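Look over the sequence and the model below.

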Amino acid sequence: MKKTFTMLAAAAIAATTAAPALADLVVPNLSYRTGPFAAGGIPYADGFNDYFTLLNERDGGIGGEKVQVPECETAYNTEKGVECYESTKGQGALVYNPLSTGITYQLIPKVTADKIPLYTPGYGRTSAANGKVFEWVFNYPANYWDGASVAIKYLLDENGGSLEGKKIALLYHNSAYGKEPIRTLQELAKKHGFTLSELPIDSPGQEQKSQWLQVRRDKPDYVLFWGWGVMNSVAVQEAANIRFPMDKFIGIWWSGSENDVLPAGDGANGYKALTFNGVGGDYPVYADLKKYVFDAGKGSGAGDAAGSVIYSRGMYAAVIISEAIRKAQEIAGTPKVNAAQVRDGFEALEITDARLEELGLKGFGQPFAASCGDHGGAGGAMIQQWDAAAKKWSLITGFIEPDHDVLDPLVAEDSAAFAAENNIAERCN
Amino acid sequence: MFYREAGDFKTSYVDDSQTFPIRFDRMRYYAVLVLGFGILPFVMNDYWANAVFVPFLIYAIAAIGLNILTGYCGQVSLGTGGFMAVGAYACYKLMTAFPWMPMPVNVLLAGLVTAGVGVLFGLPSLRIKGFYLAVATLAAQFFLVWLFNKVPWFYNYSASGQITAPERTLLGVAVTGASTPAWAKYLFCAVFLFALAWLARNLTRGTVGRKWMAIRDMDIAAEIIGVNPLTTKLSAFAVSSFYIGIAGALFFAVYLGAAEVGEAFGIQKSFLILFMVIIGGLGSIFGSFAGAAFLVLLPVLLKNLLVGGLGWPTDLAAHIELMIVGALIIVFLILEPHGLAQLWRVAKEKLRLWPFPH
């Protein structure tokens with residue numbers, strides 16, 4: 001008994017101290033394949049892994065350097081996220097993408113101290129778009145405030161340019177993630193004259209009866225929805241149950257995947273959601289993915305998620321990260337880049353339509369160019385609508401630009417508060 | 001042979017009533033102190049501090065706090081997460097309102113604030129017992145989390161409702177914030193744990209602790225022999241909440257650096273700490289350490305073993321890890337319902353007779 005214990009302990013110590021070789025480019029994937037948010041976490045992690053596998057198999061990595069993607073399970077839990085960050089940063093991590101706003105808030109001070117870039121596409125701290133304050137954080141192509149503004153702009157279009165006297169309810173995950181859009185929506189409510197009611201749902205959000213009762217009582221004209229994981233499908237089901245008109249129910253990009261609407265069946269027909277990237281398996285890149293990854297048996301996870309909304313978004317993050325690394329290699333003049341050089345790559349990154357077409361992803365995302373002060377990108381998003389009969393999301397608008405007149409002062413204000421709290425001097429002047 | 005009372009002569013009352021009457025125990029205790037304060041800080045790196053030691057030390061403080069209330073005084077509490085949140089938010093408000101205040105003072109004041117809140121929620125314990133009290137403290141848990149989510153004053157009106165610990169230094173070394181060196185984090189928590197564990201051990205050996213145990217074992221009999229239930233129960237709530245508040249403050253300021261009340265201090269935290277106390281052993285300071293170590297270190301160890309050592313997929317490892325930890329909890333509770341502390345006690349009894357058991 002005692003002997004086995006000693007052996008176990010020895011094995012454990014060996015396991016904890018063993019570190020992989022530092023030769024390759026290391027992009028850790030802090031994923032969550034367990035817990036109440038796994039429905040979103042699994043396809044995202046698969047898309048992320050598969051794209052890097054494709055680069056390794058087809059091109060031999062980026063600039064001739066193989067990419068290693070060590071995965072670490074966070075279960076969307078901040079404590080485990082911290083553990084994952086600490087355990088992977090010693091391997092020479094070049095960039096982090098935790099897919100959790102809570103973990104992002106934890107990591108912002110840490111990556112700043114450790115000088116590792118943090119890339120949070122479409123989530124995280126919105127005011128990190130201000131590169132003058134947040135040197136190490138990037139959140140292009142779009143953030144939550146962009147999303148809130150795009151949704152309101154779309155509603156303005158629907159209502160002939162005026163939302164005067166309309167009632168809009170925001171149904172949100174009661175966490176940093178769900179609370180992000182509130183300030184923007186309050187400003188927009190002032191500007192456009194609609195009334196905003198806020199309905200928080202506690203995590204993980206399986207229980208939403210009282211919130212939907214309130215929706216029934218208040219009869220808002222539109223419901224905006226900031227949900228994630230198991231909460232999404234519950235909300236769509238509840239909306240269908242109270243016969244809320246689905247085309248007046250708009251989710252953020254994290255609340256618009258197949259997993260969220262399929263359980264509600266026909267009831268979900270007409271549900272709308274934002275998206276900042278194209279979806280579906282029609283892009284030429286999928287031919288390569290099939291040839292080099294899926295058919296070779298190197299796909300990540302169960303391999304059933306390819307082409308789905310969240311998978312596409314995970315792949316999009318991988319595309320941007322690989323392009324930033326490529327840019328960094330170009331600037332540094334060496335394929336063996338370090339985290340600080342990758343940061344420079346992120347800051348100098350320009351994604352054009354032509355480049356996306358070269359990558360086999362024509363029209364997949366919006367073109368943008370980052371700069372020292374702008375870490376937030378263009379911020380546009382499209383609206384997609386669910387067709388329950390065809391079991392398909394279809395895009396019903398092109399990219400809608402957010403209202404920069406409202407957002408820019410808010411970003412400046414919030415990042416100034418962060419700068420003051422942490423004694424950060426503005427850069428780029 | 002080594003572990004025995006024989007030959008260790010006590011010539012004064014002070015010697016006679018010391019915490020570790022056996023010389024071997026005393027030596028082991030000093031060895032742990034030398035290891036903890038003399039060696040570990042010098043070999044600490046970021047991973048060991050942030051993933052293993054700092055959470056262990058903080059959970060140990062919280063477990064001692066809950067053990068005082070539940071293990072020594074017999075009052076079941078499910079409000080631990082909520083009280084940790086009080087400590088964290090009190091610490092945050094103090095840190096931001098008085099930037100000049102030294103960090104240890106912040107943490108102690110946060111503990112005192114929590115003690116006050118704990119006494120307030122302890123008042124029902126004078127009338128209700130057992131499961132009913134558990135439900136009342138559960139109400140405290142939900143109320144406190146709701147409160148910190150609802151009232152923006154507590155999180156200084158930040159857009160996301162997150163609280164973030166600004167950098168504070170102690171004697172020129174950062175102890176909170178991102179640039180804190182690993183050893184400083186570790187040492188800051190270790191000093192608190194040492195002082196609090198020492199205090200708890202001595203409190204529970206003295207009059208106060210005996211009153212708590214009298215109330216735990218039979219409150220009516222205790223009252224008849226002159227133990228005042230009001231002051232006894234409320235003092236247990238106060239001391240326990242003081243500990244838990246300090247744990248919450250350290251958890252937020254030193255360990256996480258940023259926190260969100262529902263996620264960091266939810267009901268799961270209350271259960272986790274209650275499990276630590278039950279698995280470690282009710283009514284034992286050592287048990288609090290053992291329980292915290294078991295529930296903090298085992299998942300990290302299993303993860304490193306399964307993913308790092310054997311190369312399993314992360315999701316499979318995460319599921320297996322839950323199953324192993326759950327199974328071990330059940331096994332321990334069946335084999336030793338009094339927790340790891342009882343195993344330790346039995347081991348010591350055996351060691352006394354070793355190598356000549358009868």
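Does A:Arg243 count as buried or exposed? A:Arg243 has 9 C-beta neighbours inside 10 Å, so A:Arg243 counts as exposed. The cut-offs are these: a residue is buried if 20 or more other C-beta atoms lie within 10 Å of its own, exposed if 12 or fewer, and partly exposed in between, with C-beta atoms placed from the backbone. The model is a predicted one, in which local features need pLDDT of at least 70 and side-chain atom pairs count only at pLDDT 80 or more, while totals for chains, interfaces and linings use all residues. Residues are numbered from 1 along each chain as its sequence is written, and chains are lettered from A and ligands numbered from 1 in the order in which they are written.

A:Arg243 sits in the loop between helix H9 (230-241) and strand E10 (249-251) of chain A. Helices (H or I, at least four residues) and strands (E, at least two) are DSSP runs, numbered from the N terminus. The phi of A:Arg243 is near 55°, a positive value in a residue other than glycine. A:Lys391 also is not a glycine and has a positive phi, of about 50°. A:Lys391 is in the loop between strand E14 (382-387) and strand E15 (392-395) of chain A. With 10 other C-beta atoms within 10 Å, A:Lys391 is exposed. Most residues other than glycine have a negative phi, and most peptide bonds are trans. The peptide bond from A:Tyr140 to A:Pro141 is cis, with omega near 10°. A:Pro141 belongs to the loop between strand E6 (137-138) and helix H5 (144-158) of chain A.

Now take chain A as a whole. Its secondary structure comes to 15 helices and 15 strands. The radius of gyration of chain A, taken over C-alpha atoms, is 22 Å, close to the 22 Å that the globule rule gives for 429 residues, so chain A is as compact as a globular protein of that length. The globule rule is 2.2 Å times the number of residues to the power 0.38. Along the principal axes, the C-alpha atoms of chain A fill a box of roughly 65 × 60 × 45 Å. Of the 429 residues in chain A, 56% are buried.

Chain A also touches chain B. The contact takes 36 residues from chain A and 31 residues from chain B, where two residues are in contact if their C-beta atoms, placed from the backbone, lie within 7 Å. On the side of chain A that touches chain B, H4(A) gives the most, with 7 residues. By class, that side has 11 nonpolar, 13 polar and 12 charged residues. Here Ala, Val, Leu, Ile, Met, Phe, Trp, Tyr, Cys and Pro count as nonpolar, Asp, Glu, Lys and Arg as charged, and the others, Gly among them, as polar.

Within chain B, helix H13 (residues 285-309) and helix H15 (residues 340-353) pack at an angle of about 120°, with their axes 8 Å apart. That makes H13(B) oblique to H15(B). Angles under 35 degrees count as roughly parallel, over 145 as roughly antiparallel, 65 to 115 as roughly perpendicular and the rest as oblique. Axes are lines fitted to C-alpha atoms, for helices over the stretch in contact, and angles run from 0 to 180 degrees between N-to-C directions. The residues of the contact of H13(B) with H15(B) divide into 6 nonpolar, 2 polar and no charged.
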